Amino acid sequence: MRVGLLPLDERPVNIRYPAMIAAIAGIELALPPDDLLSNLREPARCSDLVAWLQAIAPAVDALIVDVEMLAFGGLIASRISDDPPGSALSRLDTLRTIKNELPGLPILAFNVITRISNADASTEEPLYWATYGTRLYRLSQLLDRAAQGEPLTDEIAALRAEIPAEAVRDMLRRRLRNHIVNLASLHLLDSGAIDLLVLSSDDTSPFGLGSREKRWLASWADLLAPDGRENAAGSSGVLLMYPGADEVGCTLLARIINQHAGRAPRIAPLYAIPGGEDVVAPYEDGPVRLTIERQIHAIGGTVASADGDPDLWLAVNTPSPRRTEWDETFAAEERDERYNHLDALVERVSELQESGRQVIVADVAYPNGADPVLMELLIEKVDLLRLAGFGAWNTAGNTIGTALAQGCAALLATTPAQRIAHLRFLLHRFVEDWGYQHVVRRAAHAMLERTAGAHEPDDTTIGAICRWIETHLNARIGALPGFAGHWRITPGSTHLPWRRLFEVDFALEMV
């Protein structure tokens, strides 16, 4: 089987992860050439991507397409570019052309409802965000709350007076354009030009312009498909709306893998902390149990009970009520509060492994890195090589969606090459989500500040910091039973995709 993927952007989470998951399942993933894709704030070559899609479509069994990449040239381009709606819609209509020529080709599309970043930083936003980002975020919240009936006129007027009118207008104009593209995507689904559409929401919250747009889109979906499955045109189409972004490519790939295998995997969640399933994780808009249900539905699976003979068990380290990244200042307190529950969860994982069950571990206690207490227990008590999946990166949706995708692929790993591919991705998750995000990234920031007086690398320091990171990631592998002595970072492969320490890329090889 061969699947084509037009990714969200060029970062490893959107390219390397899907390719590694495809290798586990024994399928071929076709990706655009690197030089056609975006490069942070530089948009992709959209006209060339249109040509690539048209050329690849007859040679694949299914197509996964990110709307931002096709319409705007990538995720960041969708936030900062000045392309008018007409240009974006013209590119998007490529999917209709492909469907007309290849009516039997499954086309799965996804798009992110544009976020409102709550930070005075412009790396991924228009330049005025560096000065007015937090105030624009607050304005977004107030405008939505006012639309729902709260008396906030004076507060909104006072805040608007602090922000240049052109910055507010530019933000709103871009959102209007992107909302038009989301509506057009919904129209493609309704007319049968695509078979599935994911409208996900990045860095979401209960209030804000993104949440308001999501309600508008949901209302149109309800009008077009009152039964939730059939669209108004009468052809079968599926619309999914939930928090997420960087994991969606992997999730939809898993959905295709499951459909190709003729299965809807039954997945039983196990929650570490009693009542933890009802905690809302940071950057999400509902309890984590709802996140899990949505992600299981997205991969084409079903939620199973513990006594329902599930195909996969999902052991979940539930969100900490702190709603922030792990910090060493509260390590002792968190350990006292959570240790016994985590120990019981790990014991259950070990028991399930001993009985031949396939278990995924999803660690969503903290955003952007693994829980050190859970990792300590996993290393001590669990056969890491026998896990069906692991994740502990960025948001809860990112972690759960990617870990589920690996677990689904692992069910099909029958050859030695597939088994090695599974171990490679499993180790990648441990090295990045625990080794880098929890340990090495913090140390790298401290080292840069100490030696160069900088928080992020520049042209003079990036080579040395990448070599330093590689050395320390290899040391993390040495702490992982079963992997230590058998795997290493491919020498010279470590780099920082967006020249910042937030994410890292590397390759793994067997020793």
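**View 1. Helix 1 against helix 15.** Helix 1 and helix 15 (residues 396–410) pack at an angle of about 20 degrees, with their axes 8 Å apart; the axes are lines fitted to C-alpha atoms, for helices over the stretch in contact, and angles run from 0 to 180 degrees between N-to-C directions. Helix 1 is therefore roughly parallel to helix 15, where angles under 35 degrees count as roughly parallel, over 145 as roughly antiparallel, 65 to 115 as roughly perpendicular and the rest as oblique. This is a predicted model, in which local features need pLDDT of at least 70 and side-chain atom pairs count only at pLDDT 80 or more, while totals for chains, interfaces and linings use all residues. Residues are numbered from 1 along each chain as its sequence is written, and side-chain values use heavy atoms, with hydrogens and water left out. The helices, like the strands, are DSSP runs numbered from the N terminus (H or I, at least four residues, for helices; E, at least two, for strands). The crossing of helix 1 with helix 15 is right-handed, the term for a near helix turned clockwise from the far one by less than a right angle, with anticlockwise giving left-handed. On the helix 1 side Y17, I21, I24 and A25 take part, meeting T402, A405, Q406, A409 and A410 of helix 15, where contact means heavy atoms within 4.5 Å. The contact of helix 1 with helix 15 has seven nonpolar, two polar and no charged residues; Ala, Val, Leu, Ile, Met, Phe, Trp, Tyr, Cys and Pro count as nonpolar, Asp, Glu, Lys and Arg as charged, and the others, Gly among them, as polar.

**View 2. Helix 7 against helix 8.** Helix 7 (residues 129–147) packs with helix 8 (residues 153–160) at an angle of about 155 degrees, and their axes are 10 Å apart. The two are therefore roughly antiparallel to each other, and their crossing is left-handed. From helix 7, R135, R138, L139, L142, L143 and A146 meet E155, I156, L159 and R160 in helix 8. Six nonpolar, no polar and four charged residues make up this contact of helix 7 with helix 8.

**View 3. Helix 5 against helix 6.** Between helix 5 (residues 85–92) and helix 6 (residues 94–101) the angle is about 20 degrees, and the axes lie 4 Å apart. Helix 5 and helix 6 are therefore roughly parallel to each other. S90, R91 and L92 of helix 5 make the contact with T94, L95 and R96 of helix 6, a set with two nonpolar, two polar and two charged residues.

**View 4. The largest pocket.** The largest pocket holds about 1,000 Å³ of space. On a 1 Å grid over the protein atoms alone, a pocket is an open set of points with protein on both sides within 12 Å along at least five of seven lines, a cavity is a set where a 1.4 Å probe fits but cannot get out, and lining residues have an atom within 4 Å of a point. Grid points are joined across faces, edges and corners, and a volume is the space filled by probe spheres set on the points. Of the 41 residues lining this pocket, R115, S117, D203, Y283 and F502 lie nearest its centre, and the lining has 13 nonpolar, twelve polar and 16 charged residues.

View 5. The largest cavity, with a volume of about 140 Å³, is lined by 14 residues, of which V13, W393, E432, F502 and E503 lie nearest its centre. Helix 1 (12–25) and helix 16 (416–452) each supply at least two residues of that lining. The second largest cavity contains about 120 Å³ of space, and I116, D203, T204, G210 and S211 lie nearest its centre among 17 lining residues.
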